[in-house]
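Please look over the fold below before reading on.

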Amino acid sequence: MTVFYHPLYSALELPLRHRFPIAKYKLLKQEIAELGFTDFISPNKATNEQLQLCHSHEYVERFISGQLTDKEIKKMGFPWSNQLVERTLFSVGASIQASEYALKTQLAVNLSGGYHHAYNAYGSGFCIFNDLAVAAAHLINTEQASTVLIFDCDVHQGDGTAEICDSLDGVISCSIHCQQNFPRLKQHSDYDFSLNTGCSDNEYLKTVANALAFCIRLHQPDIILYNAGADICSQDELGYFDVSLEGVYQRDSLVLATCKQHSIPLMCALGGGYQRDTQKLVEVHKLLFQAIVDLYPHLV
């Protein structure tokens with residue numbers, strides 16, 4: 001199975017004690033190699049034309065050229081650098097390519113991505129460009145797909161995705177998230193399933209199953225882009241849910257199995273996860289790959 005990865009995912013230099021767990025990508029790559037994932041593809045950069053399918057020309061140009069204001073940089077969550085620009089373009093490019101690969105092979109993963117807080121004209125919450133929205137718009141624009149479902153299971157609402165997809169024909173946005181968590185002001189996805197702080201396995205898994213079945217039945221998507229956030233886990237420091245490690249594994253298995261059952265191509269992005277113990281965080285993200293091994297042993 002194809003996994004897209006670039007060394008810049010974890011090479012970004014951040015200030016000491018910065019909240020974003022930048023080391024997790026490199027560590028996860030090492031961990032999943034033990035499960036048999038050794039076919040890593042280095043992505044191409046997203047082009048300005050692809051980014052502008054979802055982001056304003058002005059914002060794209062000002063980010064790339066380093067002309068954002070201090071306020072915009074603070075909202076984005078990362079200090080601007082040329083290295084950040086390169087990392088961002090590779091991350092978005094990987095989601096685009098992984099989506100194309102999934103259409104051909106049924107399943108692909110970007111070992112990054114899920115940057116769902118990025119809006120049309122600005123970045124937010126560690127998200128600069130909205131990779132899944134851009135990938136979806138690219139598939140529609142190039143006539144590789146007619147209907148794309150962005151199925152967002154990060155614990156935080158995909159507010160940027162909701163805003164962008166509101167004007168994208170053929171792209172359906174569905175977010176399952178914690179109502180009391182960031183962002184404070186929620187946007188309107190096509191479908192929002194808001195769960196309360198302390199939500200545990202049974203309620204969460206039932207919601208995911210019902211939401212996914214509903215979206216598939218109603219829209220018959222050509223492909224699903226899955227934001228597999230690890231921050232639903234009870235161990236997560238910014239999560240607010242009480243979902244066990246087994247619950248995370250069951251969620252990923254459910255999404256994979258449902259797509260397999262309906263023969264719908266699936267592209268997976270990592271999404272969020274916030275534990276200062278990076279090794280423990282990697283173990284949560286690794287559950288997606290364990291689920292892939294268990295459901296698609298012939299692909300590994």
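What follows is a short report on this predicted model.

Local features need pLDDT of at least 70 and side-chain atom pairs count only at pLDDT 80 or more, while totals for chains, interfaces and linings use all residues. Residues are numbered from 1 along each chain as its sequence is written, and side-chain values use heavy atoms, without hydrogens and water.

**Overall shape.** The protein holds eleven helices and eight strands. These are DSSP runs, H or I of at least four residues for helices and E of at least two for strands, numbered from the N terminus. The C-alpha trace spans about 45 × 45 × 40 Å along its principal axes. Of the 300 residues, 58% are buried, meaning under 20% relative accessible area with a 1.4 Å probe, protein chains only.

**Confidence.** pLDDT is the predictor's confidence in each residue, from 0 to 100. The protein averages 97, and 100% of the residues score at least 70.

| Strand | Residues | Mean pLDDT |
|---|---|---|
| β1 (lowest) | residues 2-4 | 95 |
| β7 (highest) | residues 223-227 | 99 |

**Helix α7.** How many residues of helix α7 (residues 131-141) are buried? Nine of the eleven are, so the helix is largely enclosed by the rest of the structure. Among them are Asp131, Leu132, His138 and Leu139. Glutamate 143 follows α7, and its phi is positive, near 60°.

Conventions
Buried means under 20% relative accessible area, exposed over 50%, partly exposed in between (1.4 Å probe, protein chains only).
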